[in-house]
Amino acid sequence: MEISRNFTTFAPMKQTLTNDLLTVEISSHGAELQSILNNRTRHQYLWQGDPRFWSRRSPVLFPIVGAVWQGEFRIDGQLFKMSQHGFARDMEFTPVADTPDDEAWFALESSADTLPRYPRRFRLEIGYRLQGERLTVLWHVTNLDERPMDFQIGAHPAFNYPAFNPTDPLHGYFMFDSRRLSRQTITDGGCVGPDESPVMLDDDRMLPLTATTFASDAIILAGSQVRRVSLLTPDHRPYLSMLFDAPVVGLWSPNPEAPFVCIEPWWGRADNVGFNGEFSDRPYVNTLHPGQSFSASYMIIFEDL
């Protein structure tokens with residue numbers, strides 16, 4: 001299938017991948033997805049960032065996922081401040097030239113802006129590959145420092161429901177590749193409390209998406225419980241699926257009137273409530289020795305094309 005790609009020259013730069021089925025647009029600001037459009041029906045899969053509910057669309061979370069306790073973390077015994085989900089989502093990436101025709105890549109390197117907030121030299125590369133009905137998101141992290149580098153990385157894409165009416169009692173379903181799931185819950189300061197509880201699935205491994213599904217904030221599935229999450233319509237038709245090997249996945253929508261839901265594969269997780277140890281002791285931390293690289297990816301399959 002032929003893929004075409006074009007660039008625009010204003011800042012932030014935008015890059016477009018398109019084929020017969022889908023058109024995908026990415027911004028250099030945060031290397032963030034801006035649009036996933038069905039070329040046949042003109043349906044927009046990606047939430048478009050209405051600030052009434054949530055102004056972002058698909059931010060990349062780096063060098064932390066979630067919140068650090070009281071907005072602070074420690075590296076080498078020194079205290080640093082960090083807002084939720086880190087700084088990469090708010091930074092300008094450099095588009096990478098000479099990439100395959102069906103891919104778009106962006107790069108961010110540590111700088112005088114990042115080092116006072118996160119004292120490690122790094123290179124973060126984010127790529128997008130469009131092949132038929134499948135969009136793969138790829139990450140490469142390289143430690144450019146002379147010391148070990150601890151970090152987290154995660155995704156936060158928001159998907160429009162296939163059809164949404166806030167008065168409808170049911171907006172769709174999540175279907176999982178596991179029958180038994182337990183959830184962790186965000187409590188104080190955006191951090192994770194000590195309790196876990198079962199996720200109540202029906203006999204078909206499905207979770208109804210209703211006004212109360214996210215009443216206790218995000219559903220956090222930690223410990224590599226799932227590898228596939230599918231979003232279905234209220235009449236059980238497949239809409240899209242996400243495949244990943246992340247150790248944690250977050251599921252979230254901000255309130256019952258929001259017309260979207262997030263599926264978030266994370267190689268990381270928010271602090272436990274009260275945690276005040278070293279960054280390297282945070283839950284689900286990745287460690288790179290000098291010169292080493294880390295790679296991860298997830299795939300979105302659009303199933304109603």
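User: Hi! Before we look around, what makes two rings a pair?
Analyst: Rings of Phe, Tyr and Trp (its six-membered ring) pair if their centres lie within 6.5 Å; planes under 30 degrees apart are stacked, over 60 edge-to-face, and the rest tilted. This is a predicted model, where local features need pLDDT of at least 70, side-chain atom pairs count only at pLDDT 80 or more, and totals for chains, interfaces and linings use all residues. Residues are numbered from 1 along each chain as its sequence is written, and side-chain values use heavy atoms, with hydrogens and water left out.
User: Thanks! How many aromatic pairs are there?
Analyst: The structure has 22 of them. In one, the rings of tyrosine 45 and phenylalanine 302 have centres 4.6 Å apart and planes at 50°, so this pair is tilted.
User: Are tyrosine 45 and phenylalanine 302 buried or exposed?
Analyst: Both are buried, meaning under 20% relative accessible area, with exposed over 50% and partly exposed in between (1.4 Å probe, protein chains only).
User: And how are tryptophan 54 and tryptophan 252 arranged?
Analyst: Their ring centres lie 5.6 Å apart with the planes at 75°, so the pair is edge-to-face. Tryptophan 54 is buried, as is tryptophan 252.
User: Which residues do ring pairs link into a cluster?
Analyst: The cluster holds Phe62, Phe73, Phe80, Phe87, Tyr118, Phe122, Phe151, Phe279 and Phe294.
User: New topic: what pLDDT does the protein average?
Analyst: The average is 95, and 96% of the residues score at least 70. pLDDT is the predictor's confidence in each residue, from 0 to 100.
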